Amino acid sequence: MKKNNFLITGGYGFIGSCLVRELLKNQDNRICNIDKLSYSSSIDSIKPNGEDNYKFKKIDIVESNKIKEVISEFEPDYIIHLAAESHVDRSIDNPDQFIKSNINGTYNLLNEGYHYWKLLPDDKKLSFRFIHVSTDEVYGSLSEKESAFLENSVYKPNSPYSASKASSDHLVYSWYKTYSFPINIVNTSNNYGPWQFPEKLIPLVISKCLKGEKIPIYGNGLQIRDWIRVEDHVNGLLTVLDKGIIGEKYNIGANCEKTNLQVVHDICSILDEVIPNKEYKYNTLINFVEDRPGHDQRYAINSNKLKNLGWNPSVSWEEGIKDVINWYLNNKNFLNLENNGTYSGERLGRL
Ligand SMILES: NC(=O)c1ccc[n+]([C@@H]2O[C@H](COP(=O)([O-])OP(=O)(O)OC[C@H]3O[C@@H](n4cnc5c(N)ncnc54)[C@H](O)[C@@H]3O)[C@@H](O)[C@H]2O)c1
């Protein structure tokens, strides 16, 4: 039986681990997970059945010689690239690592991936794909009346994070145009789900409520984000891998625009039902703080191009958020990771 070899970068992160868990459901998949293991990695998020189908290599993608080594040893059929610094607030305070991992790291993967691909036999060369996982933030900020981002929307990144992701998207596309390297770029909206490091909005709010601490909200909290369950994102990635046209970009979103304040209120009212506090309602913990510099007002993403390939999001916000809150309540130890994280700023998360 032919095995499919998937090289996944950032596989111990929030989205990468969801992808690996999904791929491990199929016995015919072999996975090699490259991750440097940073503050946002969770090694408990993947439980392989044995070493036959799953390998982990602790590698920083900034080190090209190690990437070269692992690619030639593992012989991937597909590379799905998720490793990146992912937190906007950290990029504002300390952009350096974002340039290294998101731009230089992506360059290394492209370069080593291309040299490997070039020498593959014709049939393998034809089926090989490099999927680059990127964000809607590369398109910048929308006003309330503007239409949702399309794949050909102009890039206007506003934070060091989104600028570093935009740079990596441009590099990936140039490897297709210049070297015919078979890529897809996927731009996705705000993900939510299990195993998201609790500096990001949803686990952060749950964690603050459980600790009875103030919930910081940037500015007036009316910035809009478009939310998608991480499992729907992962299914979208696999649809692109399976049916995407080489060299094309695909947006992934679930058409679920919410203000940050709505998200926080929704979480608070579910917690009021599930674990009521006798003394106060959870939304009384809300505390408006000074806005983030360069804060984007609105993201909204049009996924019709991917829907035309047969993909659709399967989880509504109402069921998705309840289920995710439940997961965090059953995994309170994970929420305490906040204390082990290196980030201690008051900033809120990927808003
Ligand atoms: N979380 C979202 O809502 C969202 C939305 C759109 C796109 N994305 C993109 O999806 C990808 C994954 O995001 P996430 O939320 O899972 O992030 P995450 O921070 O939870 O995980 C990132 C993982 O990448 C690893 N990593 C970072 N730099 C590395 C390096 N130099 N070498 C090796 N490993 C490295 C980290 O150790 C971590 O395990 C990123 O590329 C991000 O830009 C995220």
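Reply: A residue counts as near a molecule if its C-beta atom, placed from the backbone, lies within 6 Å of it. By that rule 30 residues surround the ligand, and the closest are Gly10, Gly13, Ser38, Ser40 and Ala84. Helix H1 (14-24), helix H4 (96-118), strand E5 (129-135) and strand E7 (190-192) each give two or more residues to that shell. The largest share, three residues, comes from H1. Bear in mind that this is a predicted model: local features need pLDDT of at least 70 and side-chain atom pairs count only at pLDDT 80 or more, while totals for chains, interfaces and linings use all residues. Numbering starts from 1 along each chain as its sequence is written.

Me: What makes a shell residue around the ligand nonpolar, polar or charged?

Reply: Just the residue type: Ala, Val, Leu, Ile, Met, Phe, Trp, Tyr, Cys and Pro are nonpolar, Asp, Glu, Lys and Arg are charged, and the others, Gly among them, are polar. Sorted that way, the shell has 11 nonpolar, 13 polar and six charged residues.

Me: What is the count of helices and strands in the chain?

Reply: There are 12 helices and 12 strands. Helices (H or I, at least four residues) and strands (E, at least two) are DSSP runs, numbered from the N terminus.

Me: How do you know whether the radius of gyration agrees with a compact globule?

Reply: The rule is 2.2 Å times the number of residues to the power 0.38, and the radius is taken over C-alpha atoms. For 351 residues that gives a value near 20 Å, and the chain has 20 Å, so the two agree. Along the principal axes, the C-alpha atoms fill a box of roughly 65 × 45 × 40 Å.

Me: How is Trp195 classed, and what makes its phi worth a look?

Reply: Trp195 has 24 other C-beta atoms within 10 Å, so it is buried. Its phi is near 70 degrees, a positive value in a residue other than glycine. You'll find Trp195 in the loop between E7 and helix H7 (201-211).

Me: What class does Glu75 get?

Reply: Glu75 has 13 C-beta neighbours inside 10 Å, so it counts as partly exposed. Its phi is also positive for a residue other than glycine, near 50 degrees. The loop between helix H2 (64-74) and strand E4 (78-81) is where Glu75 lies.

Me: And Phe128?

Reply: Phe128 has 18 other C-beta atoms within 10 Å, so partly exposed is the label. Not counting residues up to four places away in sequence, Phe128 touches Asp77, Tyr78, Trp117, Leu120 and Pro182.

Me: Why is H7 said to be largely enclosed?

Reply: Nine of its 11 residues are buried, so H7 is largely enclosed by the rest of the structure. The cover over those buried residues includes E7, E8, H9, helix H11 (317-330) and helix H12 (332-335). After H7 comes Gly212, with a positive phi near 70 degrees.

Me: What makes E8 and E12 a pair?

Reply: Strands pair if DSSP finds at least two bridges between them. Four bridges join E8 to strand E12 (286-289), and the two run parallel. Pro216 stands opposite Asn287 in E12. Both faces of E8 (215-218) are covered: Ile215 and Ile217 are buried on one side, Pro216 and Tyr218 on the other.

How values were computed:
A residue is buried if 20 or more other C-beta atoms lie within 10 Å of its own, exposed if 12 or fewer, and partly exposed in between; C-beta atoms are placed from the backbone. Two residues are in contact if their C-beta atoms, placed from the backbone, lie within 7 Å.
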